[in-house]
Amino acid sequence: MPGRVEADVRQRAATAEAAEAADRDPAKLTQLRKQAEKSAQELEEATKALEKRRAGIAAAEKELKAKLLTLQQAERRLAESRQPVAQMVELVYQQPGMTSGVAPFLSGDSDAGTLRSMANVSQMVTERQASVEQVAALAKESQRVAAEAQEIRASNLLAEAQLSAEVDMLRKRSDKVVKSLTQALVKLGIKVDKVGKAAFSCNPLRAATAGNYPNGLIPTAMLCPLQQKGHSLRADAAIAFISLSEAYRRQFGRPICVTDAYRNLAEQQSVYYRRPGFAAVPGRSNHGLGLAVDLCGGVERFRSAEFVWMERNSKKFGWFHPDWAYSSPFEPWHWEYDPKIDTLP
Ligand SMILES: [Zn+2]
C-alpha cells in the first residue's frame, strides 16, 4: 500500500511539473500577447466600422428629413396658393349675383363681358384642377419618400445591431485573452495587487498609452513589473522580456539577472552624473521609455556563454543588443526592445 501512495505522489508531482513546464513555455506567453494585440485590433476596427455606420445613418436620416421637409413645404405652399382660386370658384358657384354673367350666355343672350367672365371661370376651374393634381402628386411623393426613409431606417438599424453584436463579441474575446495572459503572468510570479493594477499595466494594449508619456515620466501604474523585484517595463516589452527570461531559464537554470529596467527622469539624471559618457542624456534614454534593460549574471561580460546565448536568441523575442553598445560606449549589459523584430509566431 505505501508503494502505491508513493507512486501516486510521484505521479501527481510529475503532472504538476509538466503543467508548470507548460505554463512556463516562453512561446505561450508571446502567443497570448499577440492574441491580445490581434483581438484588440479587431475590436478597434469593428468599433470604428460601427461608428462610421452610425455616422452614415445619422447623415442619411438628416438628408431624408430635409427632403421630406422640402416636399411638405412645397405641398403647403401650393395648397396656400390654390386657396384664393378655390375660394373664388366656390363664390362663383354659390353666389347668384356672381353667376348672372352665366345666365345670359345660357339663354343665348351673350356679350363680350359675359364671355370674358365665362373664360375667367373656366380658367379658374382649370387652375384649380391643376393645383389639386399638383398637390396630390406632391403628397404622393412625400409618402414615397417617407416609406423609403422607413425602409432605409429599418435596414440601417438591422446593420447597426449586427455590428453592435460583433463589437460585443470581440470585446468579450479581447477581455478573455487579456485574462488568460494575466493568469499566465501571475503563474510566472508577476505580482497582481488587489485592485489588479499589474493586470492593468501588463495589458499589452496599454503599451500604446504608456508610449504617450514623455521619456522618464511614465507613471508606475502604467508599467508592467518584471519577475525581478523592483523592475518594470512597458507592457509589451515586459511580456517579451518575461518570455525571453523563461527561455534563458531553460538554458541556464535561472532567470535573467537585471540591474536596471525602466528609469525615471531623476534616476536617469543620477546615473548620468555618476557615470558620464556611460548613460544617455536624461530624457533621451530608452530606459526612460521602459524599453531597455541592463543585465547581470554573466550577460554583462562580452562573449560569455550568457552573452552569446542572448545574441543568438533574444531577437526572436524582440530584444537585441544595439550596435552602438558594442563600441561607443561599450555596454554589453545594455539590451533594448523593438516590437518589430520579434519572429515568434
Ligand atoms: Zn542601459
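Are C202 and C224 buried or exposed? In this predicted model, C202 is buried and C224 is buried as well, where buried stands for a relative accessible area under 20%, exposed for one over 50%, and partly exposed for values in between, computed with a 1.4 Å probe and the protein chains only. Residues are numbered from 1 along each chain as its sequence is written, and side-chain values rest on heavy atoms, with hydrogens and water left out. Because the model is predicted, local features need a pLDDT of at least 70 and side-chain atom pairs count only at pLDDT 80 or more, whereas totals for chains, interfaces and linings use all residues.

The protein has nine helices and six strands, these being DSSP runs numbered from the N terminus, with helices (H or I) of at least four residues and strands (E) of at least two. Of the 345 residues in the protein, 35% are buried. Among contacts between residues at least 6 apart in sequence, 69% join residues at least 24 apart, a contact being defined by heavy atoms within 4.5 Å.

A search of the whole structure finds two disulfides, a disulfide being a pair of cysteine sulfur atoms within 2.5 Å. In C202 and C224 the sulfur atoms are 2.0 Å apart, and the torsion about the S-S bond is about 90°, so this disulfide is right-handed. The pair links distant parts of the chain, with C202 in the loop between α5 (197-201) and α6 (207-210) and C224 in strand β1 (residues 224-225), 22 residues apart. The other disulfide joins C257 and C296, with the sulfur atoms 1.7 Å apart, and here the torsion is about -85°, so the disulfide is left-handed. C257 lies in strand β3 (residues 257-260) and C296 in strand β4 (residues 292-296), so this pair ties together parts that are 39 residues apart in sequence. C257 counts as partly exposed because its relative accessibility is 30%, while C296, with a relative accessible area of 13%, is buried. When the bonded cysteines are numbered in sequence order, the pairing is 1-2, 3-4.

Strand β4 also belongs to an open sheet of four strands in the order β3-β4-β6-β5, in which the pairing is antiparallel; two strands are taken to pair if DSSP finds at least two bridges between them. The edge strands are β3 and β5 (319-320), each of which pairs on one side only. β3 and β4 pair in the antiparallel sense over three bridges, and V258 stands opposite L295 in β4. β4 likewise pairs with strand β6 (residues 334-337) in the antiparallel sense over three bridges, with V293 opposite W335 and E336 as the bridge partner of A292. Five of the five residues of β4 are buried, so the strand is largely enclosed by the rest of the structure. Both of its faces are covered, by the count that A292, D294 and C296 on one side and V293 and L295 on the other are all buried.

The zinc ion is coordinated by H287 (NE2), D294 (OD) and H334 (ND1), at 2.0 to 2.1 Å. Donors here are N, O and S atoms within 2.8 Å of the metal (3.2 Å for Na, K and Ca), and because water is not among the atoms, sites may look incomplete. In sequence the donor residues are spaced H-x6-D-x39-H, and both H287 and D294 are buried.

Some individual residues complete the description. T30, placed in helix α2 (residues 26-94), is buried, with a relative accessible area of 2%. The side chain of T30 makes a polar contact with the side chain of S243 (3.1 Å), a polar contact being a pair of N or O atoms within 3.5 Å, of which, within protein, one must be able to donate a hydrogen and the other to accept it, while residues adjacent in sequence count only if both atoms are side-chain atoms. Leaving aside neighbours within four places in sequence, T30 is in contact with S243, F317 and L344. Most residues other than glycine have a negative phi, and most peptide bonds are trans. R303, however, has a positive phi of about 70° although it is not a glycine, and a cis peptide bond joins S328 and P329, with omega about -10°.
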